[in-house]
Amino acid sequence: MSDNLRGVLLMCLAMLAFTINDSFMKAASAEMPLFQAIFLRGLAATCALLFLARGMGPVVLWPANRRMLVVRTVAEIGATIAFLMALTHMPLANLSAIMQALPLAIALSAAVFLGAPIGWRRLTAIMVGFVGVLLIVKPGTDGFDFWSVMGLVSVACVVLRDLSTRQMGREIASVTVAIWASGFVALMGAGVVAWQGWQPVQWHGVALTLAASAALVVGYMSAVMVMRVGDIAVVAPFRYTALIWAILFGWLLFGTLPDGVTLIGAAIVVASGLYTLWRDAIRARA
């Protein structure tokens, strides 16, 4: 199996796992305060990751060269807060459509900050893709509100997270990165809960957060590993599989579907990303 194929499969797995996690967290936020759900999910996920790390042998949880790990963890916290705040006030499919700007944003950021090659065709595809993003978020209309902005903030944080993951040394194990992300997100949730106060939790809410944490463990591990194998321009477009799952789960679980303009915008963004994938395949053959 080539690195690119391994990266594609990991990306598809990560998108499915994160969408399942999002669905359970959206349901859990109706049962308890959001940051309380974040804390419970993070606590369970961190315990599971520590158990996994123990079974993998010696794992350094406090590496010497951890600058990029700290940057990634801060970005993970920002992305989690922004995304889940938006998720509690937006349909899952609509927010997922906004997040489909990620492959284009990552490709552009990699060119600007990491010196990755980018031709005029790919740059044009990125610009066309952002037109699709504008159709999704609808600036200047009633559909564009604070929660749409939070979705865009989450995109920016994920870009920073993924680029910093790319810059980390191979000596830092993927499970270490996942433990840092899960643990510090849980601590952030605990801090907010300590300020807001603890609310009684029903067993149904606990079950939802435990299910979300199981999906999160799979998503964290896959998302870390996918940024460390394969060509980022080849792997990134497969984030679009998340939109398919989000539309399906949003319809089955919450009875919501995005409107026509949102679907048109999402189709433009997906088509732009797939075009960059096609161009990369041609360049690779050349």
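A crossing of two helices is left-handed if the near helix is turned anticlockwise from the far one by less than a right angle, and right-handed if it is turned clockwise. The structure is a predicted model, in which local features need pLDDT of at least 70 and side-chain atom pairs count only at pLDDT 80 or more, while totals for chains, interfaces and linings use all residues. Residues are numbered from 1 along each chain as its sequence is written, and side-chain values use heavy atoms, with hydrogens and water left out.

**View A. The crossing of helices α3 and α8.** Helices (H or I, at least four residues) and strands (E, at least two) are DSSP runs, numbered from the N terminus. Helix α3 spans residues 67-87 and helix α8 spans residues 174-196; they pack at an angle of about 50 degrees, with their axes 9 Å apart. Axes are lines fitted to C-alpha atoms, for helices over the stretch in contact, and angles run from 0 to 180 degrees between N-to-C directions. The two helices, α3 and α8, are therefore oblique to each other; angles under 35 degrees count as roughly parallel, over 145 as roughly antiparallel, 65 to 115 as roughly perpendicular and the rest as oblique. The crossing in which α3 passes α8 is right-handed. From α3, the contact (heavy atoms within 4.5 Å) is made by Leu 69, Val 70, Arg 72, Thr 73, Glu 76, Ile 77, Thr 80 and Ile 81. From α8, Thr 176, Val 177, Trp 180, Ala 181, Phe 184, Val 185 and Met 188 take part. Sorted by class, the contact of α3 with α8 has 10 nonpolar, three polar and two charged residues. Here Ala, Val, Leu, Ile, Met, Phe, Trp, Tyr, Cys and Pro count as nonpolar, Asp, Glu, Lys and Arg as charged, and the others, Gly among them, as polar.

**View B. Helix α8 along its length.** The 23 residues of α8 reach 33 Å from the first C-alpha to the last, close to the 33 Å expected at 1.5 Å a residue. The expected span of a helix is 1.5 Å times one less than its number of residues. Just after α8, Gly 197 takes a positive phi of about 100 degrees.

**View C. The crossing of helices α2 and α3.** The angle between α2 and α3 is about 130 degrees, and their axes are 11 Å apart. That makes α2 oblique to α3. The crossing of α2 past α3 is right-handed. On the α2 side, Leu 34, Phe 35, Ile 38 and Arg 41 meet Thr 80, Ile 81, Leu 84 and Met 85 of α3. This contact of α2 with α3 has six nonpolar, one polar and one charged residues.

**View D. Ala 75 in helix α3.** Ala 75 is found in helix α3. With 3% relative accessibility, Ala 75 counts as buried; buried means under 20% relative accessible area, exposed over 50% and partly exposed in between, with a 1.4 Å probe and protein chains only. Not counting residues up to four places away in sequence, Ala 75 touches Cys 157, Leu 160 and Arg 161.

**View E. Helices α4 and α11.** Helix α4 (residues 92-99) and helix α11 (residues 241-254) have axes that come within 8 Å and cross at roughly 170 degrees. That makes α4 roughly antiparallel to α11. Leu 92, Ala 93, Ser 96 and Ala 97 of α4 meet Ala 242, Leu 243, Ala 246, Ile 247, Phe 249 and Gly 250 of α11. The contact of α4 with α11 has eight nonpolar, two polar and no charged residues.

**View F. Thr 19 in helix α1.** Thr 19 is found in helix α1 and is buried, with a relative accessible area of 3%. Leaving aside neighbours within four places in sequence, Thr 19 is in contact with Leu 92, Ala 242, Trp 245, Ala 246 and Phe 249. Thr 19 and Ala 215 are 196 residues apart in sequence and 8.5 Å apart in space, C-alpha to C-alpha.

**View G. Glu 31 in a loop.** The loop between α1 (3-28) and α2 (34-55) holds Glu 31. Glu 31 is partly exposed, at a relative accessible area of 36%. Apart from neighbours within four places in sequence, Glu 31 is in contact with His 204, Gly 205 and Leu 208.
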